[in-house]
Amino acid sequence: MEVVRTASVGTRSSIGLRLGQVLFSSASLLFMCFNDDDDFYAYTAFCYLVTVMGLVTPWSVTLALLEAYSIIVQRLPLQATVLSVIVSGDLVLSFLSLGGACSTASVTVILIGAGEKHCDRYKLSATMAFLSSFLSFASTFFNFRLLPSLFSS
């Protein structure tokens with residue numbers, strides 16, 4: 001049985017997903033950290049998002065390098081344990097980043113309702129975190145489809 005490997009580990013579309021994750025997670029981190037507002041540390045949701053994006057960025061950079069190496073060498077890391085770790089890490093980090101994006105968006109809406117005027121960077125940071133989590137979910141899905149074929153062989 002031939003397994004379709006669309007966007008799974010070691011393909012060009014997968015490295016595109018990883019680079020998108022790196023771009024959006026680091027943009028979310030930068031928008032949140034380079035805010036001129038002194039109340040940044042007063043909100044747990046903002047600190048949580050910075051922590052999660054600080055985890056997502058190196059994870060995605062590492063996997064992008066692994067996938068670039070796989071494409072250059074044309075040898076795929078198709079061991080079941082390696083792919084299980086990648087799928088598990090992607091799944092956990094995608095849920096964590098989605099939670100961070102939702103909580104940041106919620107606090108931002110509350111701040112806007114309270115009359116705060118400097119929330120544009122918080123909104124941008126939450127948007128970038130949403131996009132990063134969606135790309136991470138997509139990567140998890142495409143790699144998860146490949147797992148049964150590795151365990152059956």
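Buried means under 20% relative accessible area, exposed means over 50%, and partly exposed covers what lies in between (1.4 Å probe, protein chains only). The model is predicted, so that local features need pLDDT of at least 70 and side-chain atom pairs count only at pLDDT 80 or more, whereas totals for chains, interfaces and linings use all residues. Residues are numbered from 1 along each chain as its sequence is written, and side-chain values use heavy atoms, with hydrogens and water left out.

View 1. K123 counts as partly exposed, at 39% relative accessibility.

**View 2. The salt-bridge network of R18, E67 and D90.** Salt bridges that share partners join R18, E67 and D90 into one network, and the count for the structure comes to three salt bridges. The side chains of E67 and R18 meet at 3.4 Å, N to O; because E67 lies in helix α2 (residues 44-73) and R18 in helix α1 (residues 12-33), this pair ties together parts that are 49 residues apart in sequence. R18 also forms a salt bridge with D90, with the closest N and O atoms 2.6 Å apart, and this pair links R18 in helix α1 to D90 in helix α3 (residues 80-113), 72 residues away. E67 is buried at a relative accessible area of 1%, R18 is buried at 0%, and D90 is buried as well.

**View 3. Aromatic pairs, including F130 with F134.** A search of the whole structure finds five aromatic pairs, a pair being two rings of Phe, Tyr or Trp (its six-membered ring) with centres within 6.5 Å, and with planes under 30 degrees apart counted as stacked, over 60 as edge-to-face and the rest as tilted. The rings of F130 and F134 have their centres 6.2 Å apart and their planes at 25 degrees, so this pair is stacked. Both residues lie in helix α4 (residues 120-144), four residues apart, about one turn of the helix. F130 is partly exposed, with a relative accessible area of 23%, and F134 is partly exposed too, with 48%. Elsewhere, ring pairs link Y43, F46 and Y122 into a cluster.

**View 4. A nonpolar surface patch of Y48, V92 and L96.** Together these residues have about 230 Å² of accessible area, computed by the Shrake-Rupley method with a 1.4 Å probe, where for residues only the protein chains shown count as cover. Patches are made of residues with over 30% relative accessible area and no salt bridge, with like charges joined within 9 Å and nonpolar side chains (Val, Leu, Ile, Met, Phe, Trp, Tyr) within 5 Å. V92 has its place in helix α3 and is partly exposed, with a relative accessible area of 48%.

Note on methods
Helix = DSSP H or I, 4+ residues; strand = E, 2+ residues; numbered from the N terminus. Salt bridge = Lys/Arg side-chain N within 4 Å of Asp/Glu carboxyl O.
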